[in-house]
Amino acid sequence: MKSVVIGLGVYLFSLHLYAAVSLLAPEEQAVVQSNTLEQAGMVELKGGAAVIATKVDDDVVSQRLLSRLDWPQAGGASQRWLANRADNYQLRYPQLQQRIYAYHPQALWYGYAQARKARDQLQWLLFELSLAGAPEQISRWLVQLNIIDSSDAQWESLYTDAFLGVIACYQQLMALDYSQSMALNHIAELPLQLFIDQAWIANLNQQQVYQQVMTLRGELDIERLRYRQQMLYWLNVAQQRTENTRIANGPLIRLGDSDPRVPLIRERLIEFDSNHQLLEQNLPLFESETYNALQRFQQQHGLKADGIVGKDTLYWLNFQPLERSKMLAKNLLRQQLLERFLVMPPNQQRIVVNVPAYQMSYIDQDIELFRSKVVVGRASRATPLLVSEISSVVIHPYWNVPRTIVRKDIIPKLRLDPSYVQRLGFELFDYQGQAVEPEQVDWTLVKDTGRFPYRMRQRPGSANALGNYKFYFANQFAVYLHDTSSPELFSESQRAFSSGCVRVEAAESLAEQLLKQDGYSQRYKQSLMAKGEPKWLPLRKRVPVYLVYFTSWFDSSGSLNYRKDIYNFDPQIG
């Protein structure tokens with residue numbers, strides 16, 4: 001109902017939840033992290049890196065974090081669905097509950113050793129899904145559960161109702177295809193339709209409830225713990241801020257400048273850099289400590305670490321802490337959904353292109369062999385999110401120009417400069433395969449909409465848009481990874497320039513890796529390069545390629561990274 005304010009998806013959190021989060025104080029974090037890492041079996045290495053075990057005890061998460069989550073009593077006309085007694089709460093699945101308790105009259109959420117853990121982890125699932133933007137009912141369950149006395153068994157039916165709702169939500173999420181799982185741009189619209197059979201109802205018992213909650217949660221490793229702690233940390237920051245004043249636009253701020261915005265900039269940086277001492281005086285001078293902290297902040301957000309406060313840096317300094325919590329929850333869910341598509345053995349090679357990070361990683365035995373900057377599709381011609389296998393390396397490829405690019409990009413240039421086709425090595429063919437001389441075409445009469453009467457391709461050479469290498473993988477979008485004739489674009493920090501394909505800065509290294517492990521000799525490759533002619537080299541050992549969409553993630557050093565949502569998949573965030 002429209003009058004409900006809290007419970008409208010994650011908007012609930014912007015009004016109520018963060019205001020009462022009691023997270024670890026900054027001075028407590030190091031102690032708790034140390035204890036947690038010790039229980040997780042982590043071994044500290046030089047430089048702060050660590051080798052970690054894959055499991056963390058449930059109690060660590062539940063007691064260290066969830067017990068510090070505390071919502072106040074909510075009230076008001078907009079929250080009439082809240083109840084002080086279970087009898088007054090309107091259940092979503094009442095008939096299904098009747099069937100369940102007809103089989104199992106004993107409590108499912110109280111009165112056994114693992115009951116508390118089951119309730120805690122169910123609340124964590126509601127918390128994560130709510131922040132990620134799940135349907136509003138998920139948020140309603142979360143608020144109701146957190147204003148009651150959780151040890152009061154009268155709320156048995158509410159926990160069961162929420163449990164069924166979480167199952168329904170995950171059933172819908174698991175039905176998404178790969179691209180939908182990466183985008184998650186319609187998660188708020190998922191119907192909470194539940195599909196269970198009589199056998200499931202008949203077999204449900206206390207142990208099954210606990211196991212199913214654990215299964216829905218997925219493996220609890222150190223990375224998930226970090227995500228949870230950071231989500232709560234930013235909610236706590238939102239509570240602690242005395243005001244949410246935006247840092248105003250204005251002139252660039254450089255080292256040594258004096259600007260009235262500097263004290264507020266310093267406050268924002270302290271939220272990110274609590275381990276470093278910054279001058280906390282209300283001074284307008286942009287001094288060296290703040291300059292160094294800003295560089296670290298810029299690096300964390302994929303910006304040019306020049307220590308200059310400009311438009312892009314201000315965007316992230318003004319990014320609200322609540323929105324960071326939402327971003328983290330959304331990306332944690334993306335990671336969980338991605339696991340369904342990682343069907344190969346975990347030690348197999350794979351190529352991962354993180355589109356909003358403009359980065360490609362080549363991974364073998366779960367170790368990153370090398371990484372590369374990439375250029376991806378602009379927002380109007382987004383790079384599709386897909387999974388496939390690289391099956392061929394093409395040396396000196398032809399570029400068969402897609403009709404969309406011909407109409408939107410090339411024809412306008414030809415009207416201004418008819419010699420453009422020949423200068424850049426393009427060839428024309430009619431649809432019978434016959435070559436057409438470009439000078440025979442009156443380009444002023446060719447429309448840039450509708451059917452283009454020719455096929456166009458670009459010959460190999462220094463001007464070829466694909467560069468020296470094309471990495472082919474089957475897909476319905478006719479996109480691929482490739483080299484480029486415009487390497488200067490890799491110097492930009494924001495690299496969404498292409499028409500959908502992925503340009504790889506380290507194309508030479510990628511080609512060498514793929515060809516060497518497939519048995520092609522370096523001498524043979526060099527001879528093909530010297531000839532300058534197109535050559536398809538099929539791969540017997542195909543390498544999976546994943547085009548993913550993570551706007552936040554923890555890197556190998558445990559540092560948290562943030563990137564812009566370049567395709568606006570999360571319009572409610574930011």
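This is a predicted model: local features need pLDDT of at least 70, side-chain atom pairs count only at pLDDT 80 or more; totals for chains, interfaces and linings use all residues.
Which residues in H7 meet Val209, Gln212, Val213 and Leu216 in H10? They are Phe163, Val166, Ile167 and Tyr170. A search of the whole structure finds two cavities of 30 Å³ or more, and the second largest pocket has a volume of about 700 Å³.

**Helices H7 and H10**

- Helix H7 spans residues 156-174 and helix H10 spans residues 206-217; their axes come within 11 Å and cross at roughly 40°.
- That angle makes H7 oblique to H10.
- The crossing in which H7 passes H10 is left-handed.
- On the H7 side the meeting residues are Phe163, Val166, Ile167 and Tyr170, and on the H10 side they are Val209, Gln212, Val213 and Leu216.
- By class, the contact of H7 with H10 comprises seven nonpolar residues, one polar residue and no charged residue.

**Helices H11 and H15**

- Helix H11 (residues 222-240) packs with H15 at an angle of about 160°, and the two axes are 7 Å apart.
- H11 is therefore roughly antiparallel to H15.
- H11 contributes Glu223, Arg224, Tyr227, Gln230, Met231, Trp234, Leu235, Val237 and Ala238 to the contact.
- H15 contributes Pro321, Leu322, Arg324, Ser325, Leu328, Ala329, Asn331, Leu332, Gln335 and Gln336 to the contact.
- The residues of the contact of H11 with H15 comprise eleven nonpolar, five polar and three charged.

**Helices H12 and H13**

- The axes of helix H12 (residues 262-272) and helix H13 (residues 288-300) cross at roughly 60° and come within 10 Å.
- H12 and H13 are therefore oblique to each other.
- Their crossing, that of H12 and H13, is left-handed.
- Arg266, Leu269 and Phe272 make the contact from H12, and Thr290, Ala293, Leu294, Phe297 and Gln300 make it from H13.
- Five nonpolar, two polar and one charged residue form the contact of H12 with H13.

**The largest cavity**

- The largest cavity holds about 50 Å³ of space.
- Its lining consists of Glu128, Leu129, Ala132, Tyr170, Arg224, Ala329, Leu332, Leu333 and Gln336.
- Helix H5 (115-132) and helix H15 (321-338) are the elements that give two or more residues to this lining.
- H15 supplies the largest share of the lining of the largest cavity, with four residues.
- The lining of the largest cavity has six nonpolar, one polar and two charged residues.
- Tyr170 of this lining is also one of the H7 residues that meet H10.
- Arg224, Ala329, Leu332 and Gln336 line the largest cavity and also take part in the contact of H11 with H15.

**The second largest pocket**

- The volume of the second largest pocket is about 700 Å³.
- A total of 33 residues line the second largest pocket, and those nearest its centre are Trp399, Ile405, Asp409, Ser499 and Arg503.
- At least two residues of the lining of the second largest pocket come from each of helix H16 (403-416) and strand S13 (496-498).
- H16 gives the most to the lining of the second largest pocket, namely six residues.
- The lining of the second largest pocket divides by class into 18 nonpolar, nine polar and six charged residues.

Key
Residues are numbered from 1 along each chain as its sequence is written. Side-chain values use heavy atoms; hydrogens and water are left out. Axes are lines fitted to C-alpha atoms, for helices over the stretch in contact, and angles run from 0 to 180 degrees between N-to-C directions. Angles under 35 degrees count as roughly parallel, over 145 as roughly antiparallel, 65 to 115 as roughly perpendicular and the rest as oblique. A crossing is left-handed if the near helix is turned anticlockwise from the far one by less than a right angle, and right-handed if clockwise. Contact means heavy atoms within 4.5 Å. Ala, Val, Leu, Ile, Met, Phe, Trp, Tyr, Cys and Pro count as nonpolar, Asp, Glu, Lys and Arg as charged, and the others, Gly among them, as polar. On a 1 Å grid over the protein atoms alone, a cavity is a set of points where a 1.4 Å probe fits but cannot get out, and a pocket is an open set with protein on both sides within 12 Å along at least five of seven lines; lining residues have an atom within 4 Å of a point. Grid points are joined across faces, edges and corners, and a volume is the space filled by probe spheres set on the points.
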